[in-house]
Structures are given as C-alpha cells and as structure tokens.
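Let us walk through this structure step by step. Keep the 3D view open as you read.

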Amino acid sequence: MNPLPPLREVIAAHGLSASKALGQNFLLDEQLLARIAAIPGDLQDRAVLEVGPGPGGLTRALLRAGARVTAIEMDRRCLPALAELGEVFPGRLRVVEGDALKLDHDELMGEPYAIVANLPYNVGTALFTGWLGGEQWPPTWTSLTLMFQQEVAQRVVAAPGSDPYGRLAILAQWRSTAKLAMKVHRSAFTPPPKVMSAIVHVTPAEAPPGVSARVLEKLTEAAFGQRRKMLRQSLKGVPGALRALDSLGIDATRRAETLSVLEFVSIARELTGSQLSRVSTVPPRDQPGRA
Ligand code: SAM
C-alpha cells in the first residue's frame, strides 16, 4: 500500500473544514473506502471519473485499486491535497477544477469510463438523470457507483407497486440494471448528515428497440405527476396515450405505480414518433440537499 497520511491529517493540514453549502460530508474510514472502490469490479488500469473527490479519500482508494482517475472538484481548497495525492500515484490522477454539472464528461474522458461519486443529493440526482437520460445507448460510461440518501437510493431500485416506485426507478431500470450495493451509516461521514445513505450501482443493458428516452420521460412525467389518479386521467394530456393503452390491453383505470417498467416501455414505443413533444410538463419534485 502506498504511504499516505491519514485523511484526518490531510484535512487538518489543508484546513478543509466541511462546507455545508457544497454538501461536504467526508468519508475517512479507509477500509470502508476500499470496499466502495471495489463495487465497480476490477479497476486495474481502467479509466474512472470521480465527481467531488474533496480531500481525496475515495480517490486514494480508487488509485490503490489500480484505476486511472479523472476527478472533478469545484472546491479550490481541496486542490493542493489532491496534488499531493497525485504525486504518490504519478501519471494516474488528473484533477479538473470545475462544476461537474457544466462539463461534458464524454469529451473530458475520451474513452469508456466508470463513474464513482459521493455527492450532495441535489447535484448527484441531477448528474444521475443526465447520465441515464441520453438517447445514445449504450453510453460511453460503463457503470455508475453513486452515494445517495437512502431514501433516494430506494427510489432508484424500487419495484412496481411500492411507495418509492416512480420516475427515478423507470429511468434507472428501463435499459440498465440498478442495484443497492451498500448501505452506509450516517456516522461514517464527517460531519454526519441527518439521514442514512446508500450506494447504488448501475450498469447499462441493451436498450429496447424503437423507444425514445425523451418520449418515455414525458410519459412518466405525466403518469407520476398525478400518481394517485387513474391513467385515463393522468395521461389525458398525452396525445395517443389512451389509444396506446387500449391497443396494449392495459386497463386505463389502473394507477401509474401499478405499471411495470416494461409496460411503460411498451406505451412509449407506441408513442415514439407521435406528437408527444406538445405535452405540457410537470416540474420535478423539490430536491433538498443531503442534510
Ligand atoms: N468524495 C469525498 C468523500 O467521499 O469523502 C467528498 C464527498 S463530499 C459529500 C462532496 C464533494 O463534492 C465535495 O468535495 C464538494 O466540494 C464536491 N462538489 C459539490 N458539488 C460539486 C459539483 N457540482 N461539481 C464538482 N464537485 C462538487
């Protein structure tokens, strides 16, 4: 193992007091960090994009696992600590200062890459929907390993009929496999957030032919915008949707949460190429920060 000072020393030496505004809750337990870095599988010489390395705890675990890491961090205070880490792993760590929401990750990486991140909830969810929402499939990234609030992680892996089942589950499951990889107790973080966390691991599967991601997105937006209503009501504003239900033999008195991911995909396939772009959209639910 490469000689590195304990993370607490790194934080103290560089004055990295956790910023609430940046959603900073650091992981310092190196055994836990090694277990997280193992979730994407063998990383030997693989390209990894880490978003939000902070003082570099997860970064050092990824480097020790043999990865070539590109890390995007928007807190300038962390850069000297990350530069020191780069010296211990010459040529294997590239640090990019900036806001991950504003960068083109494929362009930055230039090759297939795994994504690993422990981020504040609002940033993590926005990046997650962006990574999963593109029309190009399979994407250039090979897997997503992301820390979320446990409640959000449950929404990602939720099954039909359950309370957390909704747009996030469909987005994560219609052409990917999404698993709950690890629960992480709030006490593992410094400072501890108010809620528990969990890591989800997502790998792309084959995309069902003839379905547009945008059409599916608009369909689920309408369906779950009024999740307690029957489909014949919630999908009224979606051109062709009621006809599609009829031709697929899906009972229009059902509610959105009872439909399987496959049923949503079948409806979206019927609608792809129709005039769905005229549907009015419902704004997504408020997304509070981690704490
Ligand atoms: N990865 C470290 C760990 O596990 O201990 C730090 C995790 S901390 C929860 C989140 C990190 O993401 C912070 O270092 C913060 O500065 C950074 N961050 C927050 N928003 C960001 C954004 N939009 N782009 C890049 N980094 C961001």
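Start with the overall layout. In this predicted model, the centres of domain 1 and domain 2, taken over C-alpha atoms, are 33 Å apart. The domain assignment places domain 1 at residues 7-204 and domain 2 at residues 213-280.

Now look at where the two domains meet. Domain 1 gives eleven residues to the contact, and domain 2 gives 14 residues. On the side of domain 1 that touches domain 2, helix α8 (residues 167-173) supplies the largest share, with three residues. What classes of residue make up that side of domain 1? Four are nonpolar, five are polar and two are charged.

Next, turn to the annotated positions. An unreviewed UniProt entry carries the annotation "binding site" for N25, L27, G52, E73, D99 and N118. Let us take two of them in turn.

Find N25 first. N25 sits in the loop between α1 (7-13) and β1 (26-27). Is N25 buried or exposed? N25 has 21 C-beta neighbours inside 10 Å, so N25 counts as buried. The cut-off for that label is 20 or more.

Then move to E73. E73 belongs to strand β3, which covers residues 68-73. Why is E73 called buried? Because 25 other C-beta atoms lie within 10 Å of E73. Which residues does E73 touch, leaving out those up to four places away in sequence? They are G52, P53, G54, C78, L82, V95 and E97.

Methods
Residues are numbered from 1 along each chain as its sequence is written. This is a predicted model: local features need pLDDT of at least 70, side-chain atom pairs count only at pLDDT 80 or more; totals for chains, interfaces and linings use all residues. UniProt positions are given in the numbering used here, feature names are shortened, and annotations may be inferred rather than shown by experiment. Helices (H or I, at least four residues) and strands (E, at least two) are DSSP runs, numbered from the N terminus. A residue is buried if 20 or more other C-beta atoms lie within 10 Å of its own, exposed if 12 or fewer, and partly exposed in between; C-beta atoms are placed from the backbone. Two residues are in contact if their C-beta atoms, placed from the backbone, lie within 7 Å. Domain bounds come from an automatic or database domain assignment. Ala, Val, Leu, Ile, Met, Phe, Trp, Tyr, Cys and Pro count as nonpolar, Asp, Glu, Lys and Arg as charged, and the others, Gly among them, as polar.
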